[in-house]
Amino acid sequence: MTDQKAPKSEQTRTLILETALRLFQERGFDKTTMRAIAKEAGVSVGNAYYYFASKEHLVQGFYDRIGAAHLAAVRPILDSETDLQKRLAGVLTTWLDIAAPYHEFASQFFKNAADPESPLSPFSPESEPARKQAIEMHREVLAGAKTKVPAELADVLPELMWLSQMGLVLYWVFDRSPGSEKTRRLAERGAQLTTRGIVLARFRVLRPLVREVHELFADFLPGMAQTAVSRKKRASDPDADFDPAAGADGAAATAS
């Protein structure tokens, strides 16, 4: 069977994205212009804007690439491991492996992502596909574990786990330990703590507390509110957000 080349449009899009990432590393995000990216990629400025409306949308393309690579890398873990702590630790540490080459300039992205009005914010409408993909991954982490989750918490725990992952990403951005060793230790200990929390949440008396925490974030973080709406829609129509190409990972991903 012969390999089929990607359509020319996809090749051009990939070329622009890869050129942008290289220039971000070499020159910094703020100092890299769309014109410079187009020139380096050998395309017109108009062509660059055709595929990416702005530098921020280029970074969204980077998020999508990281997310796709992460999904592929964790698949063996999710398909074979049933221990909840090991599944979660595997997801977190694998993200660190995938993101490692971009650590040097991740802080430049964060300066923009920290702006709630920026499309780079993990809670922005533009980031919704990556956000939903990451949440669905955590949903699969729970679904495939031998530790069973109460049905009434199965819809909120993945979102809280994603928020925990965002905290890990923030720590990683500023971690200057060799090989991000401190972040890796935090990922392992965080997986252990999260697993204990989920086990405790099986006690009926603690379930309202979990829901209250989730509602707190949903009320104050716009992205969480959007995801909650999507979740309710999916509950009423199970096929509403299902992407058959994504399989068990549902709607389409990282920071990480």
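## Basis of the model

The structure is a predicted model, in which local features need pLDDT of at least 70 and side-chain atom pairs count only at pLDDT 80 or more, while totals for chains, interfaces and linings use all residues. Residues are numbered from 1 along each chain as its sequence is written, and side-chain values use heavy atoms, with hydrogens and water left out.

## Salt bridges between helices

Side chains of opposite charge can pair when their charged atoms come close. With a salt bridge taken as a side-chain nitrogen of Lys or Arg within 4 Å of a carboxyl oxygen of Asp or Glu, the count comes to 8 salt bridges. One of them joins Arg75 to Glu140, with the closest N and O atoms 2.7 Å apart. This pair links distant parts of the chain, since Arg75 is in helix H4 and Glu140 in helix H7 (residues 128-143), 65 residues apart. Helices here are DSSP runs (H or I, at least four residues), numbered from the N terminus. Glu140 is buried, with a relative accessible area of 11%, whereas Arg75 is partly exposed at 22%; buried means under 20% relative accessible area, exposed over 50%, and partly exposed in between (1.4 Å probe, protein chains only).

Asp97 forms a salt bridge with Arg184, again described by its closest N and O atoms, which are 2.7 Å apart. Asp97 lies in helix H5 (residues 84-99) and Arg184 in helix H9, so the pair ties together parts that are 87 residues apart in sequence. Arg22, Glu26 and Glu40 are linked in a network of salt bridges.

## A buried alanine

Ala38 belongs to helix H2 (residues 34-41) and counts as buried at 1% relative accessibility. Its C-alpha atom is separated by 9.8 Å from that of Leu15, 23 residues away along the chain.

## Surface patch

Leu200, Phe203, Val205, Leu206, Leu209 and Val213 make a nonpolar surface patch of about 560 Å². Such a patch consists of residues with over 30% relative accessible area and no salt bridge, the nonpolar side chains (Val, Leu, Ile, Met, Phe, Trp, Tyr) being joined within 5 Å. Accessible areas come from the Shrake-Rupley method with a 1.4 Å probe. Val205 is in the loop between helix H9 (181-200) and helix H10 (207-220), and is exposed at 71% relative accessibility.

Terms used:
Patches are made of residues with over 30% relative accessible area and no salt bridge: like charges are joined within 9 Å, nonpolar side chains (Val, Leu, Ile, Met, Phe, Trp, Tyr) within 5 Å. Helices (H or I, at least four residues) and strands (E, at least two) are DSSP runs, numbered from the N terminus.
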